[in-house]
Protein chains: 2
Amino acid sequence: MAIKDQASRGVSRQVLADHVYEALLIALMDGRLEAGTPVSIDGMARELDVSPTPVREALARLEATGMVRRTALRGYRVAPLFTAAELADLMDARLVIEPANAFMACGHADADLTDQLSQAIEDLKAAPRGPSFAEFRAYWEADERFHRLIAEHANNQFLLSAYNALGGQVQRFRFFGGLGVTDADFAIAEHTEILRAFEAGDADLARRKMIAHIEGVKQRSQHDSEVHDSEVRS
Amino acid sequence: MAIKDQASRGVSRQVLADHVYEALLIALMDGRLEAGTPVSIDGMARELDVSPTPVREALARLEATGMVRRTALRGYRVAPLFTAAELADLMDARLVIEPANAFMACGHADADLTDQLSQAIEDLKAAPRGPSFAEFRAYWEADERFHRLIAEHANNQFLLSAYNALGGQVQRFRFFGGLGVTDADFAIAEHTEILRAFEAGDADLARRKMIAHIEGVKQRSQHDSEVHDSEVRS
DNA sequence: GAATCACATTTCCTATAGGATTCACCGGCC
DNA sequence: GGCCGGTGAATCCTATAGGAAATGTGATTC
């Protein structure tokens, strides 16, 4: 009820399951729901002050994103956190999909796209880089927006679906939730190079710059994960 | 031992939502649920003789596959059929992901994998090629199994997710549901070439053969869709 | 004849209740 | 001490009911 009263005034009416979905997503990214912990349907319903039915529907949708796993008759639990090896796998998968996105999107690039990409980079520069969730979120959002813009402008719904399937992006956020942003300067520079390629209309260059960017992210994240591990163990 | 038999095999009892999910999937592929038609929650519940709750959960899962679309407060309806252009997009997306899968899987190939791939090809040869659903299904299953085996052996859960996101494979089936198999001989030959590359352990060759295969599928499907269109118009 | 409004039906959405299953705890037994 | 079985609580799963919204129908009005 409280949730419904809070935000059902938008232009497009949302149903309760949508709010539950978003609440769960926030809790997942926030770290309130830690990896491995079970997510009780009834319990979450009590906590959000709704009935179990919308919670059940929201969890069924969330399962497709890989954020939670379900076992019949045993319920849902938060998906385990990434290991360093899995993080490397994620980057390898991005290396397969995103350069292709960049190449294709360059063919459909216009001033509107480059403007939005430029804006995403500016937001990246302006975003705070602290370790807290609230600060990190703005940075992550701008980064995600940059890559998503390119994926959307590839003009191929299936490649976009494939990109979305890599929603582990969100989990990546969780992985570094306690670490903050450490490679902002590198990322900004690499994003700018990609933007230059788009402005020049050089699709092949855009692809190469995307490869360079993700490989950079991969290497830096591997280093960060080692730091993270040592901190956890200390 | 015997008591744990059921649990150890991972065949935890299926709940009603799982059955509804499969029933919907069959109805979708079968053509009983035509593109664009609404899928009423209550109506489907009556038809399957269950309550609306499991139906709702099954549809929430199905939405992630792209087979149905949902509008808040208006319900679900079957996703529109592919146009020829979208079919080409699907093949382009496969051209991005599957050659990479083949390349990586070749690094993890063993006798077990090549045996299973060989079996999939044999099943493809043996499958009937009639236009009816029951016949087509065996062919489609063997084809899907071949590609899925490679995707799974790439040993990268994210690439596998991306491949799964291309579940439009199923919709591709629907697109040609009334047409039957027309390119079996080509497909079998191309699959065999890919298998040869795996047996030789030549990852780069496997990638190139996968590219050749999907490009072949793309071209042939474009031709078939023209035939299909002319038949529909006649 | 076309647009509009009222009304009835269908459908979606949410809450609630109860049966079935799993899990956690605890006492008994080898 | 370790293993086994029973009991209670928590949880999942399904069915049902009712309010809210959307759709379809028919009559009225311009």
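Predicted model: local features only at pLDDT ≥ 70, side-chain atom pairs only at ≥ 80, totals over all residues.
Local features are reported at pLDDT of at least 70 and side-chain atom pairs only at pLDDT 80 or more, whereas totals for chains, interfaces and linings use all residues, and side-chain values rest on heavy atoms, with hydrogens and water left out. Residues are numbered from 1 along each chain as its sequence is written, while chains are lettered from A and ligands numbered from 1 in the order in which they are written.

The surroundings of DNA strand D comprise 20 residues, of which Arg13(A), Ile41(A), Leu73(A), Leu16(B) and Ser51(B) are the closest; a residue is taken as near a molecule or strand if one of its heavy atoms lies within 4 Å of it. Sugar or phosphate accounts for 79% of the atoms of DNA strand D that are within 4 Å of the protein, the rest belonging to bases. A base nitrogen of DNA strand D, in turn, is 3.3 Å from an N or O atom in the side chain of Thr53(B). Two or more residues of the surface near DNA strand D come from each of helix 3 (41-48) of chain A and helix 2 (16-30) and helix 4 (52-65) of chain B, where helices are DSSP runs (H or I, at least four residues) numbered from the N terminus. By class, this surface holds 11 nonpolar, 4 polar and 5 charged residues; Ala, Val, Leu, Ile, Met, Phe, Trp, Tyr, Cys and Pro count as nonpolar, Asp, Glu, Lys and Arg as charged, and the others, Gly among them, as polar.

Around DNA strand C there are likewise 20 residues, with Leu16(A), Ser51(A), Arg74(A), Ile41(B) and Leu73(B) coming nearest. Of the atoms of DNA strand C that come within 4 Å of the protein, 78% belong to sugar and phosphate. Here a polar backbone atom of Ser51(A) is 2.5 Å from a phosphate oxygen, a backbone N or O atom of Ile41(B) is 2.9 Å from a phosphate oxygen, and an N or O atom in the side chain of Thr53(A) is 3.3 Å from a base nitrogen. Within helix 3 of chain B lies Met44(B), which is buried at a relative accessible area of 10% (buried means under 20%, exposed over 50% and partly exposed in between, with a 1.4 Å probe and protein chains only). Leaving aside residues up to four places away in sequence, Met44(B) touches Leu24(B), Val39(B) and Val55(B).

The contact between the protein chains takes 33 residues from chain A and 34 residues from chain B, contact meaning heavy atoms within 4.5 Å. About 2,700 Å² is buried between chain A and chain B, with carbon and sulfur atoms giving 66% of it; buried area is the accessible area (1.4 Å probe) that two parts lose on being put together, summed over both. Glu57(A), Val96(A) and Phe158(A) supply 22% of the area that chain A buries against chain B, more than any other three residues. Between the two chains there are 4 salt bridges, each a side-chain nitrogen of Lys or Arg within 4 Å of a carboxyl oxygen of Asp or Glu. One salt bridge joins Arg70(B) to Asp18(A), with the closest N and O atoms 3.6 Å apart. On the side of chain A that touches chain B, helix 4 (52-65), helix 5 (84-107) and helix 8 (157-165) each supply at least two residues, and helix 5 of chain A gives the largest share, 9 residues.

Over all chains, 34 salt bridges are found. Glu144(A) and Arg148(A) form one of them, at 3.0 Å between the closest N and O atoms; Glu144(A) is buried at 14% relative accessibility, whereas Arg148(A) is partly exposed at 26%. In chain B, Arg207(B) pairs with Asp204(B) in a salt bridge of 2.4 Å between the closest N and O atoms. Because Arg207(B) and Asp204(B) are 3 residues apart in helix 11 (residues 203-233) of chain B, about one helical turn separates them. Asp18(A), Glu57(A), Arg61(A), Arg56(B) and Arg70(B) are joined into one network by salt bridges that share partners.

Definitions and conventions:
Polar contact = N/O pair within 3.5 Å; in protein donor to acceptor, adjacent residues only side chain to side chain.
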